[in-house]
Amino acid sequence: MLGLPQTTEVKKIIRKRDLYSKFELNTAEQKEFDAAIRQMTIVNEISLRTIPALQKQEKAVFVLAVQLKQEGCAERLLQRLCRLIDQRLLLALCYEDKLQLALYFDNRILLNEFMPVAEQKVNLQGTSLNDIWEHLALQVAQLTPRAGLTPASVIANAGRRAEAEAQIAALTKKMFAEKQARKKLTLREAINKLKKELEDLQ
């Protein structure tokens, strides 16, 4: 299903009703999961047990295949799922013949694009499970490693850039609609400050 080299294939179905019972989800939460997700199955494991060449024992990474009822899933639902299971999860979101990868990293959901299953591939990089996890996050976020920066820093900078760009767009729209010269100037100064922050993140 997913091009993931050097892993051990497993098949462990996670029943939604078990999840609901274990974490005491209320009726509204259960309905939200049911509306979006058909089935969940752990299909791969990346750990010291499955890759003995890794340097040391660290938290394993599991690939969770999530069969969706429609293309796309709310980020808040994916975040909730990852928090409930509380493992390092690479989510393979499946709908018809397409696949999207998602990963919960540093308190945010990273996603790539839906694409045909055969085209969806990731590579394992690093000599430890922590290295592998961080490089998987980079690949899912479609970011390039940068010399002198850890993968976590690259991802954090990308998040800050996205937030700053959204703020610039909102403030620019507000500035053009503003009638008072003083308020326009204040908004322009705020925009310029954000642009400077963007330059510093390059």
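# A strand wrapped inside a predicted model

Strand β4 (residues 88-95) is largely enclosed by the rest of the structure, because seven of its eight residues are buried. Here, buried means under 20% relative accessible area, exposed means over 50%, and partly exposed lies in between, using a 1.4 Å probe and protein chains only. Helices (H or I, at least four residues) and strands (E, at least two) are DSSP runs, numbered from the N terminus.

This is a predicted model, in which local features need pLDDT of at least 70 and side-chain atom pairs count only at pLDDT 80 or more, while totals for chains, interfaces and linings use all residues. Residues are numbered from 1 along each chain as its sequence is written, and side-chain values use heavy atoms, with hydrogens and water left out.

**The whole chain**

- The protein chain has six helices and seven strands, and along the sequence they follow the pattern β-α-α-β-β-α-β-β-β-β-α-α-α.
- Of the 202 residues in the protein chain, 42% count as buried.
- Contact means heavy atoms within 4.5 Å. Among contacts between residues at least 6 apart in sequence, 61% join residues at least 24 apart.

**Strand β4 and its neighbours**

- Two strands pair if DSSP finds at least two bridges between them. On one pairing, β4 runs parallel to strand β3 (residues 61-68), and seven bridges join them.
- One of these links has valine 66 with leucine 93 as its bridge partner in β4.
- How does the chain get from β3 to β4? The path goes through helix α3 (residues 75-85), making a right-handed β-α-β crossover. Right-handed means that, with the strands pointing away from the viewer, the path from the first strand over the helix to the second runs clockwise.
- β4 also pairs with strand β5 (residues 98-105), this time antiparallel, through six bridges.
- Tyrosine 95 has lysine 98 as its bridge partner in β5.
- The hairpin of β4 and β5 has two residues between the strands, and glutamate 96 takes a positive phi near 55° there.

**Aromatic pairs**

- A pair of aromatic rings is described by the distance of the centres and the angle of the planes.
- Rings of Phe, Tyr and Trp (its six-membered ring) pair if their centres lie within 6.5 Å; planes under 30 degrees apart count as stacked, over 60 as edge-to-face and the rest as tilted.
- A search of the whole structure finds two aromatic pairs. In one of them, tyrosine 20 and phenylalanine 33 have ring centres 6.3 Å apart and planes at 55°, so the pair is tilted.
- Tyrosine 20 sits in helix α1 (residues 16-23) and phenylalanine 33 in helix α2 (residues 27-36), so this pair ties together parts that are 13 residues apart in sequence.
- Tyrosine 20 is buried at 9% relative accessible area, and phenylalanine 33 is buried at 2%.
- Phenylalanine 105 and tryptophan 133 have ring centres 6.4 Å apart and planes at 45°, so they too form a tilted pair.
- Phenylalanine 105 belongs to strand β5 and tryptophan 133 to helix α4, so the pair ties together parts that are 28 residues apart in sequence.
- Phenylalanine 105 is buried at 7% relative accessible area, and tryptophan 133 is buried at 8%.

**Cysteines without a bond**

- A disulfide is a covalent bond between the sulfur atoms of two cysteines. The cut-off used here is a pair of cysteine sulfur atoms within 2.5 Å.
- How many disulfides does a search of the whole structure find? The search finds zero.
- Cysteine 73 counts as buried at 14% relative accessibility, and cysteine 94 counts as buried at 6%.

- Proline 145 counts as exposed, because its relative accessibility is 52%.
- The C-alpha atoms of proline 145 and histidine 135 are 8.4 Å apart, although ten residues separate them along the chain.
- α5 has 27 residues and reaches 40 Å from its first C-alpha to its last, close to the expected 39 Å. The expected span is 1.5 Å times one less than the number of residues.
- Buried residues of α5 include Val154, Ile155, Ala164, Ile168 and Met175.
- The buried residues of α5 pack against β5, β6 (108-111), α4 and α6 (181-200).
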